[in-house]
Amino acid sequence: MNTITYEGKQYEIPPKTIEVLKAEDACNAFHATHEEAYRAKFDYLKTVLTDEQLESMLGSVDIEQVDLMEVLYIVNLIDEEYSRRTNEQAMKKARTLMNDKAIKSLIDASNAVSKVTAKKWLIYA
């Protein structure tokens, strides 16, 4: 289940389907004016969110009545949620890789100390 939290309330969003992807592509496409860009973002929200959710979050389902910066903020929340699991997977891989490198570094350092210690024993012998 995908959820976003906006102003302390949780809202469920649908899975990322082809319909959502098409709306996202339109949202992220080049637009000649800022107005066109924000209208595309708002259309994306209307694809992902219900009218009740939009009303609760923005106070209206009419783009002429809403704070466009809140529209942008909510779009970003949705994008972050859709990417969350993939990002978590990448972070897990990165942590594993870092741990592997850290362990290898410790082993290399330990081997170096052992070699130095062994050479000292040869000098004193």
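Start with Y6. Y6 is buried, because its relative accessible area is 3%.

A quick word on the model. This is a predicted model, where local features need pLDDT of at least 70 and side-chain atom pairs count only at pLDDT 80 or more, while totals for chains, interfaces and linings use all residues. Residues are numbered from 1 along each chain as its sequence is written, and side-chain values use heavy atoms, with hydrogens and water left out.

Back to Y6. Which residue does the ring of Y6 pair with? First, the rule: rings of Phe, Tyr and Trp (its six-membered ring) pair if their centres lie within 6.5 Å, and planes under 30 degrees apart are stacked, over 60 edge-to-face, the rest tilted. The count is one aromatic pair. The partner of Y6 is Y73: the ring centres are 6.0 Å apart and the planes stand at 45 degrees, so the pair is tilted. Y6 lies in strand β1 (residues 2-6) and Y73 in helix α4, so the pair ties together parts that are 67 residues apart in sequence. Helices and strands here are DSSP runs, numbered from the N terminus (helices: H or I, at least four residues; strands: E, at least two). Y73 itself is partly exposed, at 42% relative accessible area.

Next, the nonpolar core. That means a set of buried Ala, Val, Leu, Ile, Met, Phe, Trp, Tyr and Cys residues joined through side-chain atoms within 4.5 Å. The largest one has 23 residues, and Y44, L45, L49, L58, I74 and I78 touch the most other members. Where do they come from? β1, β2 (9-13), α1 (18-28), α2, α3 and α4 each supply at least two residues of this core. Helix α4 gives the most, with six residues. Take L45. Leaving out residues up to four places away in sequence, L45 touches L54, L58, V71, I74, V75 and I78. Contact means heavy atoms within 4.5 Å.

Now a charged residue. Is E81 buried or exposed? E81 is buried, at 9% relative accessible area. E81 is found in helix α4. Beyond its neighbours within four places in sequence, E81 is in contact with M1, N2, T3, I4 and I13.

On to salt bridges. Side chains of opposite charge can pair when their charged atoms come close. The rule is a side-chain nitrogen of Lys or Arg within 4 Å of a carboxyl oxygen of Asp or Glu. How many salt bridges are there? The count is five.

One of them joins E24 and K16, at 2.8 Å from N to O. E24 is buried, at 11% relative accessible area, while K16 is partly exposed, at 41%.

Another joins E64 and R39, with the closest N and O atoms 2.6 Å apart. E64 lies in the loop between α3 (51-58) and α4 (68-124) and R39 in helix α2 (residues 34-48), so the pair ties together parts that are 25 residues apart in sequence. E64 is exposed, at 54%. R39 is partly exposed, at 31%.

A further one links E88 and R84, at 3.5 Å from N to O. Both lie in helix α4, four residues apart, about one turn of the helix. E88 is partly exposed, at 44%, and R84 is partly exposed, at 29%. Last point: salt bridges that share partners join E35, R39 and E64 into one network.

Technical notes. Buried means under 20% relative accessible area, exposed over 50%, partly exposed in between (1.4 Å probe, protein chains only).
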